[in-house]
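Have the model open beside you as you read.

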Amino acid sequence: MHQGGKLISGMKALAATVALALLSGCVTTPVGQYSKQESAQIAQRLTTDIGMLASEEFGGRRPGTAGEDLTLDYVRKNLESAGYVSGTNDPANPWRAPVELVSTRPEGGSMEIVLGRKRIVLPPEQSVVYSARKRTLVEQAPILFVGFESETLGEDVIRGNVIAMLAEPGVSPQRRSDFFDKGAAAVITLVETEDDVASVKASRNRERLSRPSKNDDFLSAYATYGAFGNAIGNAEWTKLLAQAQEDEFSPVTLKAEVTLEALTDRHDVRTANLIGMLPGTKPGTGAVLLLAHWDHLGDCGPLEDADRLCNGAVDNASGVSLMMELARQLSASGPHDRDIYVLATTAEEWGLIGAEAFAESPPIPLETIVAAFNFDTVAIARSGSPVGFVGEGRTRLDDVVREVMGEAAREFADRELTEQFIRRQDAWALLQHDVPAVVLSTAFGDKAALDSYLIGRYHRAADNPDTLELGGAIEDLKLHQMLVERIASTTRYPLP
């Protein structure tokens, strides 16, 4: 009886367990979440995609390298398998929209002050000269010392002169730009110490990627107070410094002239944005845009390090992978009224270049983009983290974002935290062209996780696929799916 009692009790327990399992299968998954099974499957796909994009084979996804071709082919194949077609609207360039870049790396230069018969070449530790052309030379040009002035000086005063200006933290870049716009032959920024010159070199003495522009002709130099004063005469320099502090200061043409030369290693770089499209059922009703930058830095670690490859797993293999997964989910839940475009941008790391190129030569009129969602650095926050809303208050999307956030029972992060990233991601380039573009991400809502990433792995060889946290990213994915499905519907999201 005792043994039989155990058997009956065990059978009852088993039946209760089975019943509980069946009942749990009927439990409705919360609106803003995937089921545990779906989440596990999504996590596996994200892990696979991030692992591939951030692999050694892809070489850090630097624009213009073999890693770029591997990356764009991988994204295209994933989108094609989900039912997307080329979105370039350019038969000559399916899927890939070319972006012109130039690579420049300073190779040398010199600054020589000529005062009567005296010629002084400023020491290299106290001066440096830059241009984006292979060789740029300004020979024995007049020097106009302007102190801290800029806006009050007209083109008639500036054109043809080499401008010598006193450095002003936070203001100098705009002043230099103003002088070049007014026709300056060159601009010498005068800084106080050799450490200031060293800081400039640390920032600029490396390869830069940029779009060809009129700025390539600009000749920009830096010199210390001491070196410049020694060259033009210390008594004269002391007098000029004192005059520059006066309210009634006027620019002074120096007796000295200057010869500036800059040498640069320059070559063209072939790169591209990738654009896919899921056609909607109601052409002409607008489009929703998903975007993420595919590029990273390649070899960027210190020369002495054994591992110099910056794989860019979080930044931004994770963003591209989340965007591809959202593209799959939207294809599966379609068809949708509005077209859905997917944009993988190039050269974000060099100043949002790919996003700007898209905005300047879009495959569709920019005013037809109803909403744009950017995915960047997504795999660092845990499940349950608040959502950073980067771009809040800047577009017409605020109301629909708040509505869907409420339905999904998600919490907004502190705006003070998120606002500091507004200019540091591709949505900013689109916002400058009046495209309603935002970022919604737990990565920009969890300050502790974000700080840890930025301090320890950001733009370093440590940003590897084994350092991922996908909990918050998967919740962000569901939130975006809900948002895009609503906005892609002309009835659920009619335009004004």
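In what kind of crossing, left-handed or right-handed, does α2 pass α9? α2 passes α9 in a right-handed crossing (left-handed if the near helix is turned anticlockwise from the far one by less than a right angle, right-handed if clockwise). This is a predicted model, in which local features need pLDDT of at least 70 and side-chain atom pairs count only at pLDDT 80 or more, while totals for chains, interfaces and linings use all residues. Residues are numbered from 1 along each chain as its sequence is written, and side-chain values use heavy atoms, with hydrogens and water left out.

**The whole protein**
- The protein has 15 helices and 17 strands (DSSP runs numbered from the N terminus: helices are H or I, at least four residues, and strands are E, at least two).
- Its C-alpha atoms fill a box of roughly 115 × 60 × 45 Å along the principal axes.
- Of the 496 residues, 52% are buried (under 20% relative accessible area, with a 1.4 Å probe and protein chains only).
- Among contacts (heavy atoms within 4.5 Å) with a separation of 6 or more, 82% come from residues 24 or more positions apart.

**Helix α9**
- Helix α9 covers residues 313-333, and its 21 residues should span 30 Å at 1.5 Å a residue (1.5 Å times one less than the number of residues).
- The end C-alpha atoms of α9 are 28 Å apart, which agrees with that span.
- In α9, 18 of the 21 residues are buried, so the helix is mostly covered.

**α2 against α9**
- The axes of α2 (residues 36-53) and α9 come within 9 Å and cross at roughly 135 degrees (lines fitted to C-alpha atoms over the stretch in contact, with angles from 0 to 180 degrees between N-to-C directions).
- That angle makes α2 oblique to α9 (under 35 degrees is roughly parallel, over 145 roughly antiparallel, 65 to 115 roughly perpendicular, and the rest oblique).
- On the α2 side, the contact residues include I42, R45 and L46, and on the α9 side they include A313, A317 and S318.

**α9 against α15**
- α9 and α15 (residues 471-487) pack at about 45 degrees, with their axes 10 Å apart.
- These two helices are therefore oblique to each other, and α9 passes α15 in a right-handed crossing.
- L322, E325, L326, Q329, L330 and S333 of α9 meet A473, L477, H480, Q481, V484 and E485 of α15.

Conventions: Buried means under 20% relative accessible area, exposed over 50%, partly exposed in between (1.4 Å probe, protein chains only).
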